[in-house]
Amino acid sequence: MASRKILLDESEIPTHWYNIVADMPNKPLPPLHPGTQQPVGPEDLAPLFPMELIKQEVTQERWVEIPDEVRNLYSIWRPTPMYRALGLEKALNTKCKIYYKYEGTSPAGSHKPNTAIPQAYYNAKEGVKKISTETGAGQWGSALSFACSLFNIDCEVYMVKVSYDGKPYRKIMMNTWGSKVHPSPTNLTNAGRQILAQDPNSPGSLGIAISEAVEVAAMNEDTKYALGSVLNHVLMHQTIIGLEAMKQMEKAGDYPDIIVAPFGGGSNFAGITFPFLQNNLTGGPQTRAVAVEPTSCPKLTRGVFRYDFGDTVGMTPLIPMYTLGHNFIPSPIHAGGLRYHGAGAIISQLLKDGLIEADAINQNECFEAGILFSKTEGIIPAPEATHAIAEVIRQVKQAEKEGVSKTILFNLCGHGNFDLGSYEQYLAGKLVDFEVTQEQIDASLAELNTPTI
Ligand SMILES: *Cc1c(COP(=O)(O)O)cnc(C)c1O
């Protein structure tokens with residue numbers, strides 16, 4: 001009998017995170033100060049982040065040690081299981097082998113605590129008492145709330161208003177872990193007041209909520225800011241996923257030809273692929289790494305590579321990124337975690353250099369794949385994760401057409417147990433596909449006056 005579950009012992013939790021910058025042929029370009037447009041230094045970032053995270057943001061060291069206390073807290077849910085998707089393989093009638101790494105076993109239900117725990121740890125170690133952050137559908141806000149509660153740090157979350165109103169359960173999770181949650185835009189910040197003056201009924205966006213959370217940290221001596229994706233240190237913390245997955249593939253006696261992961265800002269994609277890409281970059285076995293974004297927010301497949309802000313108001317450093325423009329407001333699709341206008345600096349450089357690939361898929365194809373997966377493997381995937389499953393199915397069909405058999409690994413980065421409203425709409429036939437027009441993208445990019453590359 002082929003075994004479905006590939007497990008590791010607690011003692012096999014990795015001891016170091018992997019920093020891909022050490023092995024990149026072209027290093028990512030530096031972030032620029034939003035005012036002076038000169039490269040930012042550690043002192044520019046000091047109001048927002050603790051020093052250890054600033055160091056990790058710029059380090060070129062290949063391996064960064066995971067503190068014992070963080071490894072110990074990881075052991076609440078790590079190592080996470082890997083599965084062979086025998087049920088899905090059978091349903092697809094394929095000789096391809098499909099594996100998935102399941103990150104939904106964390107207390108918050110996604111991969112996000114992998115970075116929330118070390119971020120809270122380094123803040124606590126440097127005496128920080130309060131952290132502000134933003135959240136879309138609530139995945140990051142709940143992960144950081146969980147982490148802050150473990151370190152007795154006050155956590156204040158600016159939650160995109162449409163989600164605050166429409167998806168109450170993750171807000172209640174955040175409250176349960178002790179956080180204060182505000183529907184963004186608020187009238188508590190200059191950024192929020194500026195948006196509300198233009199549109200009193202603004203539904204909010206991730207970019208606006210970031211502006212608010214950054215402003216609160218910048219204006220208050222006792223408050224720092226935390227981001228759940230995009231930044232180099234966040235991507236590095238997530239490599240714990242791929243490092244475990246490598247050991248599990250070895251146990252299974254296999255190696256992936258293709259790795260697939262959904263793409264919002266790049267953290268879960270980086271997490272599962274970077275340790276394998278190290279082999280690509282250093283002459284080892286080769287793997288294709290495919291990032292999957294929604295057709296409604298296609299920065300990797302249809303955006304431009306240039307400097308852009310991480311937020312809407314223009315308070316964050318300028319990051320060299322594939323972007324649709326920081327004013328781009330994506331259509332209201334259900335994979336809230338993928339509705340972000342840009343990609344991180346490392347990911348963008350890797351894509352520019354042809355070292356990773358990207359594809360865009362509409363939400364009905366994704367939910368169809370998510371439902372097939374639920375019926376054959378049992379777990380109901382997060383709407384974000386269904387993008388990876390739909391891409392796996394595309395890759396399987398391609399392999400069948402070519403008459404070859406591939407080994408495919410994907411990241412099941414979260415469960416969908418708090419996203420059932422979107423499944424309800426899909427099952428009622430009410431989900432609408434949003435394809436962005438070229439005019440919409442051109443109009444958003446035409447507003448950019450940030451430096452080109
Ligand atoms: C936040 C989130 C994403 C998108 O963020 P990345 O940084 O691209 O990983 C995807 N899936 C889930 C379940 C999330 O919570």
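## Helix α14 and its cover

Several elements cover the buried residues of α14, including α11, α12 (267–281), α13 (299–302), β12 (304–309), β13 (318–323) and β14 (357–361). This is a predicted model. Helix α14 spans residues 345–352 and is mostly covered, with 7 of its 8 residues buried. Those buried residues are Ala345, Ile346, Ile347, Ser348, Gln349, Leu350 and Leu351.

After α14 comes Gly354. The phi of Gly354 is positive, near 70°.

## Where α5 meets α11

Helix α11 (residues 232–252) also meets α5. The two axes come within 8 Å and cross at roughly 125°. That angle is why α5 counts as oblique to α11. The crossing is right-handed.

On the α5 side, the contact is made by Asn114, Thr115, Pro118, Gln119 and Tyr122. On the α11 side, His233, Val234, His237, Gln238, Ile240 and Ile241 take part. By class, this contact has 5 nonpolar and 6 polar residues. Charged residues are absent from it.

Lys112 lies in the loop between β5 (97–102) and α5 (113–125). An unreviewed UniProt entry places the feature "modified residue: N6-(pyridoxal phosphate)lysine" at Lys112.

Is Lys112 buried or exposed? Its relative accessibility is 15%, so Lys112 counts as buried; the cut-off for buried is under 20%. Leaving aside residues up to four places away in sequence, Lys112 touches Gln139, Trp140, Ala143, Gly228 and Gln238. Gln238 also belongs to the α11 side of the contact with α5.

How values were computed: Residues numbered from 1 in each chain as written. Predicted model: local features only at pLDDT ≥ 70, side-chain atom pairs only at ≥ 80, totals over all residues. Heavy atoms only, no water. UniProt positions renumbered as here; feature names shortened; annotations may be inferred. Helix = DSSP H or I, 4+ residues; strand = E, 2+ residues; numbered from the N terminus. Buried < 20%, exposed > 50% of the residue type's maximum accessible area, 1.4 Å probe, protein only. Contact = heavy atoms within 4.5 Å. Axes fitted to C-alpha atoms, helices over the stretch in contact; angles between N-to-C directions. Parallel < 35°, antiparallel > 145°, perpendicular 65-115°, else oblique. Left-handed = near helix turned anticlockwise from the far one by under 90°. Nonpolar A, V, L, I, M, F, W, Y, C, P; charged D, E, K, R; others polar.
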